[in-house]
Amino acid sequence: MKIVVLVKRVPDTASVFKVASDGRSVELDGLKFVMSPYDEHAVEEAIRLKEKMGAEVIVLSAGPPECKEVIRSALAMGADAGAHLLLPGDTGYASRGVAEALAVAAKTLEPDLILAGKQAVDDDAAQVPERVAELLDLPHASIVTRLECTATAVTVDCEVEGGQFTAELPLPALVTAQKGLNTPRYPTLPNIMKAKKKEIRELTLDKLGLSGDRLAAGMTVTAMALPRQQRLGKILDGDTAQRVKELVRALREDEKVL
Amino acid sequence: MLLTLPERLIFALVLIGCIGWFAQRTVLLVRLIRMGADDPDITPGLWRTRLADMLLDVFLQRKVLRKPYVGSFHLLIVWGFFVFAVNTVNHFTGAFLPGFHLFGDTFAARGYAAIADLFALLIITGVVGMAVRRHVLRPPILTRPSVESAIVFTCIGGAMVAYLFAGSTKAALGILRHSEYHFACTFFARYLESIPASLLRPLAHVAWWSDALMHLALIGLLVIPTKHLHLVAGPINLLFRRPRPRGAMTRLNLEDESAEQFGVAKIEQFTWKQNLDLYACIECGRCLEYCPTALSDKPLRPKELIVDLKDHLIAHGPARVNGKGETPTLPGGVVATDVIWACTTCAACVEHCPMGIEHVDKLTDMRRHLVLMEAAFPETAETAFRQMETAGNPWGFPPGDRAAWAQDLDVATFAEKRRAEVLYWVGCNGSYDDRGKRIARAMVKILQAAGVDFAILGTEERCHCESARRLGNELLYQTAAQEIMETLKQYEFSRILVTCPHCLNTFINEYSAFDAHYRVVHHTEFIAELLDGGRLRVNASPSGRATVYHDSCYLGRYHDTYDAPRRVLATAGQRVIDPPHARERGLCCGAGGGRMWLEETLGVPINALRARELAETGAHQTAAACPFCITMLTDGMKSAHREDIAVLDIAEIIADALTSAGAHGPDGSE
């Protein structure tokens, strides 16, 4: 059995973000990058399946050369090999273009199961895995909190608003991971050392017979702005009666929520 | 000559048998130690200092006498031991060479007769004194009034009684050499004079044999081994004391591709010195006296840890050295993980151990195994690890906000200035914690008032992950260390100023292992220096608020700084009170050793225990000099319902007391 996990390199969400001078992208200088947290759940699940039923786990990531650091983290968790699809340009493509490239790359790896995070925490688009599945004509399930796998099928619990449903998908299939699926492991030092020696296959658009121009942009970002941040916290003075009165007034007149 | 020929033959056989058995046991005990790993911290050289230190500790009983009652009794026994070494040789050799004396028939031999008698009495006094304490008074630190210790006391006391018995029977028979000097023996002989010679002679034989066998039993107690082994292992252990500073953890070589084990999972993975520590333990329990976990009913009790490891080594080591089996896993097996994670690394145990035992590194080495090899650690530690790694601070605040606290303070960064006299290392707490920011701002106020040329690293600063290292995460620590040393390389400064003793220990004691040497000063020492140099003027408020000072472990026991903070407080007009646990005996706040990031679910909270003690001094406020302590004690005061007692950093107290005259130039001018 071969499992391919799609992972994305994203800025750590604790970073302070700035809009770049072009006014439509994020200033990347000085940002710390990590593997998107939901992807960690996907990697963990793949490794657990490997430990349980034996499988080869290949981690696939598309983006700039630094993506290899994220692939290495997944290898340190216990994945067997990595594949890096080099995408030119800093910000890469919008979901549609990346999915088109990843679909071709994933196909060459001939997976029985593709796992990915339910969304990447940078653009929160939640599109790439499902697009890849559609392009490869694979059954897919999203936002999964439980997964069981046999040689021929995968059974999953999918989270939906206010509940969940259980589905069975014939393999090959694609599944996206939600937080509750598992607790990603902290890599051990021996595994980190082993990861340094594991193979990361280099893929390029050319090698895959794709040309950058042919990948569909799907959408173009025209402007980007930071959310308005105002700290309006206020501590009221006076005795309890006065403060309650003032609170009610403020909620009604200033905030207009009552 | 007392002994008959058959007696001499029997004694010869007994002696040969005993020597054979002693030798066999000794070889085993040595092999068990040699089974341990190499100790990279025991560097060659310094032997003269080591020997001198050891001899002073043995003969003057420097640490033992920190407890005067039991220490004095012990001193008598130690000196008596050396006195009686001569007697033992005389006694055993005399069985075959009648009249043998190491000192011959000299003045020394006669003097020795008196001294031996004197020490026989003193040793009995010492043994009775100690036995009464251990078995009758039973102070709480002596949790094991064991059969073993009763046997040891009986044998030592018994040997002395036998010596006096043998001497007095000989004196009564008129065959005791130098009898006029054996004042004790001749005194007791008077009571034997009424016994008829026909009975006295066999009695003298019995006395001789009991004397000889008691001495053999005492040697036997060493090699069995019982805790009596400390008598030999202790001085050796003191001789091989690690010369490195207490605060410098052993650097692991993480680049070693051939290494199969990091940290300690099995007894033989400890270094030979760490295992020698085990032999040296006499179970005196001084390690328990100021131990925050023992005092707060947690499963970690340093004495029990050492005794358990020793029992384990003796029980399972022999099979391993003889190639007949593996030793069981320590963490999670022989030593419960709750024990391993409980330690605050406050070093009260190490400080007070008279035998030079290091308890703390045994626990941190097992933590290293759990973290590096098994990734098995408390969940909250993982959160802290991940945030230290990605955000560069344990809480996961944005790295870009690191200097936000100083935005309105006119504080330069090294990125702007390139060089400054003082590099003020703010630390994570000063950068992000609301309470900590107030301390950082107070520090800046002081620096500006004294006209100090300083700058901060701003967003280039990051967590040095000292607490992660003490939780066992050496990889995270070393990665951070490399990054920080690279950053520091870019700038010119003559000293690093820190407001946190853990930062202090990292830069001063730990980075030298990475060939990075800095001059580092803790803010209490720096403020004392500014006050002494007249660069800083404070109003000594005449009211003299009563301030209780809490010693931080990493400033006190790790850095021997006890006076500077007290002096600074006194200069600011504070009436400084010491709590019962102060200075070397200071009680930890509970946050050291990475405990800051773990839940405290067992026993009573350490910070509440300490806060209560501080509050009971009747002080109006508490002063401390460590951000961890301040956080813990502030919470502790809350849980003790003593929020009326403010917990302040010394920088805050000084900043408040600065004279209104304001800023002084570097030369003291305004």
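**A walk through chains A and B**

The buried residues of α26(B) are Pro627(B), Phe628(B), Cys629(B), Ile630(B), Thr631(B), Met632(B), Leu633(B), Gly636(B) and Met637(B). A residue is buried if 20 or more other C-beta atoms, placed from the backbone, lie within 10 Å of its own, exposed if 12 or fewer do, and partly exposed in between. Helices (H or I, at least four residues) and strands (E, at least two) are DSSP runs, numbered from the N terminus. This is a predicted model, in which local features need pLDDT of at least 70 and side-chain atom pairs count only at pLDDT 80 or more, while totals for chains, interfaces and linings use all residues. Residues are numbered from 1 along each chain as its sequence is written, and chains are lettered from A and ligands numbered from 1 in the order in which they are written.

Helix α26 of chain B covers residues 627–639, and its end C-alpha atoms are 18 Å apart; this agrees with the 18 Å that its 13 residues should span at 1.5 Å a residue. The expected span of a helix is 1.5 Å times one less than its number of residues. The cover over the buried residues of α26(B) includes the helices α18 (427–432), α19 (434–449), α22 (501–510) and α25 (606–615), along with the strands β7 (621–624) and β8 (646–649), of chain B. Just after α26(B) comes His641(B), with a positive phi of about 55 degrees.

Chain B as a whole is assigned domain 1 (5–237), domain 2 (267–373), domain 3 (395–504) and domain 4 (532–657). These bounds come from an automatic or database domain assignment. Taken over C-alpha atoms, the centres of domain 1 and domain 3 of chain B are 58 Å apart.

Two helices of chain B, α4 (residues 107–137) and α6 (residues 183–192), have axes that come within 7 Å and cross at roughly 70 degrees. Axes here are lines fitted to C-alpha atoms, for helices over the stretch in contact, and angles run from 0 to 180 degrees between N-to-C directions. α4(B) and α6(B) are therefore roughly perpendicular to each other; angles under 35 degrees count as roughly parallel, over 145 as roughly antiparallel, 65 to 115 as roughly perpendicular and the rest as oblique. From α4(B), the contact is made by Ala114(B), Asp117(B), Ala120(B) and Leu121(B), and from α6(B) by Phe183(B), Ala184(B) and Cys185(B). Two residues are in contact if their C-beta atoms, placed from the backbone, lie within 7 Å. Six residues of this contact are nonpolar, none is polar and one is charged. In that division Ala, Val, Leu, Ile, Met, Phe, Trp, Tyr, Cys and Pro count as nonpolar, Asp, Glu, Lys and Arg as charged, and the others, Gly among them, as polar.

Two loops of chain B also hold backbone details. In the loop between α7 (197–223) and α8 (230–239) lies Pro225(B), and the peptide bond from Ile224(B) to Pro225(B) is cis, with omega near -5 degrees. Cys465(B), in the loop between β2 (454–455) and α20 (466–470), is a residue other than glycine with a positive phi, near 60 degrees. Cys465(B) counts as buried because it has 30 C-beta neighbours inside 10 Å.

Where the chains meet, 18 residues of chain B are in contact with 13 residues of chain A. On the chain B side, α15 (360–373) and α16 (379–390) each supply at least two residues, and α16(B) gives the most, with three. The residues of this side of chain B divide into eleven nonpolar, three polar and four charged.

Chain A has six helices and eleven strands. Its C-alpha trace spans about 70 × 45 × 40 Å along its principal axes, and 38% of its 258 residues are buried.

Helix α3 of chain A (residues 95–108) has 14 residues and reaches 20 Å from its first C-alpha to its last, close to the expected 20 Å. Ten of the 14 residues are buried. Elements covering the buried residues of α3(A) include the strands β1 (2–6), β4 (56–63), β5 (81–86), β6 (113–117) and β11 (200–204) and the helix α4 (128–136) of chain A. Glu110(A), which follows α3(A), has a positive phi near 50 degrees.

Asp137(A) lies in the loop between α4 and β7 (140–149) of chain A. Although not a glycine, Asp137(A) has a positive phi of about 60 degrees. Asp137(A) counts as exposed because it has 8 C-beta neighbours inside 10 Å. In the loop between β9 (163–170) and β10 (173–177) of chain A is Pro172(A), joined to Leu171(A) by a cis peptide bond with omega near -5 degrees.
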